[in-house]
Amino acid sequence: MPELPEVETVARTLAPHVNGSRITGVEVLRASAVHPLSLPPATLAGLVIAGVRRRGKLILLDVAPADKPRNPGGVPSLVAVHLRMTGRLLPRPAGTAPGPYTRWLLDLEKPDGTPQRLFFDDTRAFGTVFAATPGLLQQWEFWRGLGPEPLELTPDGFDRRLSGRRAIKAALLDQRVVAGIGNIYADEALHRAGIDPRRPVADLGPAERRRLLGALKDVLALAIDQCGSSIRDYRDADGNAGAFQNSFAVYGRAGKACLGCGETLSGRRVAGRATVFCPRCQR
Ligand SMILES: [Zn+2]
């Protein structure tokens, strides 16, 4: 599943393709790919894509009427795309036919008049697209509960969000605690911080919490620099793979030697997820 660095990379690589483009048509090929709370996708027609952003693991396309600085009521001001397991946003030349896994597509006209298409392809079909007003977005429980961006989080803010007896790995995966972290970056950050993923949150001291937040920010920044991690089929909007998978210290390395101390890395299920850690470096 794409996590924060991969979704950030998709947003950054997609922006030059679609910024300033006018939406001239919308085609839904699989109704379940549209979020149940979404405005009808046809309401996007005529709007201009003003920017591409990321929030947690969501891609946000800001949209606005071409001739007005602000949206009138009832018109979407953004499109939230949840890539989930296998969702991909792919710019395509005009006239390209939808593929077998294309769930949704936009016909676009670039500022210079060139037509193109934007496909939302999703093999596993868990991803959703949500055309929303800010008010409508607030009705989405997932959005309302989304925790802070980890790269903007202060040690005090992180500390306030960590409580209870559940495992620290479970807390990191909880999108309400911090947004955008999944299995890869939780394991990598915990290894970098030297913290056992099974430790109860409440047992982590102030220094460990600070160390963990620092490790999380370091790992995320390094992964963004390398355009994310490509395991299975993740690609950015230009079809390129990321490179951070070559820098994994623990993820996918159970049974191999710890790069820090040489000890054999353990693979266990923690918080319902496959988890890899070093029994010697992580206490
Ligand atoms: Zn080790």
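1. Leaving out neighbours within four places in sequence, Val79 is in contact with Leu44, Leu61, Val63, Val129, Phe130 and Ala131. Val79 is also among the residues that touch the most other members of the largest nonpolar core, together with Ile59, Val81, Leu89 and Tyr185. That core has 68 residues. Domain 1 (4–145) and domain 2 (150–277) both contribute residues to this core, so it lies between them. As background, nonpolar side chains in soluble globular proteins tend to be buried together.

2. The model is predicted, and the remarks here should be read on that basis. The protein contains 7 helices and 10 strands. Its C-alpha trace spans about 60 × 35 × 30 Å along the principal axes. The radius of gyration is 20 Å; a compact globule of 283 residues would have one near 19 Å, so the two agree. Of the 283 residues, 40% count as buried. Among contacts between residues at least 6 apart in sequence, 63% join residues at least 24 apart.

3. On the division of the chain: the protein is split into domain 1 (4–145) and domain 2 (150–277). The C-alpha centres of domain 1 and domain 2 are 29 Å apart. Across the boundary, 18 residues of domain 1 are in contact with 20 residues of domain 2. On the side of domain 1 that touches domain 2, the elements giving two or more residues are helix H1 (4–18) and strand E5 (87–93). H1 gives the most to that side, with 9 residues. By type, the residues of the side of domain 1 that touches domain 2 divide into 7 nonpolar, 6 polar and 5 charged.

4. Is helix H6 (residues 183–193) mostly covered or mostly exposed? H6 is mostly covered, with 11 of its 11 residues buried. The buried residues include nonpolar core member Tyr185, and also Asp187, Glu188, His191 and Arg192. Readers checking the side chains in this helix may also look at Asn183, which is buried as well. The buried residues of H6 pack against H1, helix H5 (168–173), helix H7 (206–225) and strand E10 (273–277). Just after H6, Gly194 takes a positive phi of about 70 degrees.

5. Strand E6 (residues 102–109) has 6 of its 8 residues buried, so E6 is largely enclosed by the rest of the structure. E6 pairs with strand E1 (residues 22–28) in the antiparallel sense, over 6 bridges. Within this pairing, Leu108 of E6 is the bridge partner of Ile23.

6. Which strand pairs with E6 over 7 bridges? Strand E7 (residues 115–122) does, again in the antiparallel sense. Thr102 stands opposite Asp121 in E7. The hairpin of E6 and E7 has 5 residues between the strands, and in this hairpin Gly113 takes a positive phi near 95 degrees.

How values were computed. Residues numbered from 1 in each chain as written. Predicted model: local features only at pLDDT ≥ 70, side-chain atom pairs only at ≥ 80, totals over all residues. Buried ≥ 20, exposed ≤ 12 C-beta atoms within 10 Å, placed from the backbone. Helix = DSSP H or I, 4+ residues; strand = E, 2+ residues; numbered from the N terminus. Pairing = 2+ DSSP bridges. Rg over C-alpha atoms; globule rule 2.2 N^0.38 Å. Contact = placed C-beta atoms within 7 Å. Core = buried A, V, L, I, M, F, W, Y, C linked by C-beta atoms within 7 Å. Domains from an automatic or database assignment. Nonpolar A, V, L, I, M, F, W, Y, C, P; charged D, E, K, R; others polar.
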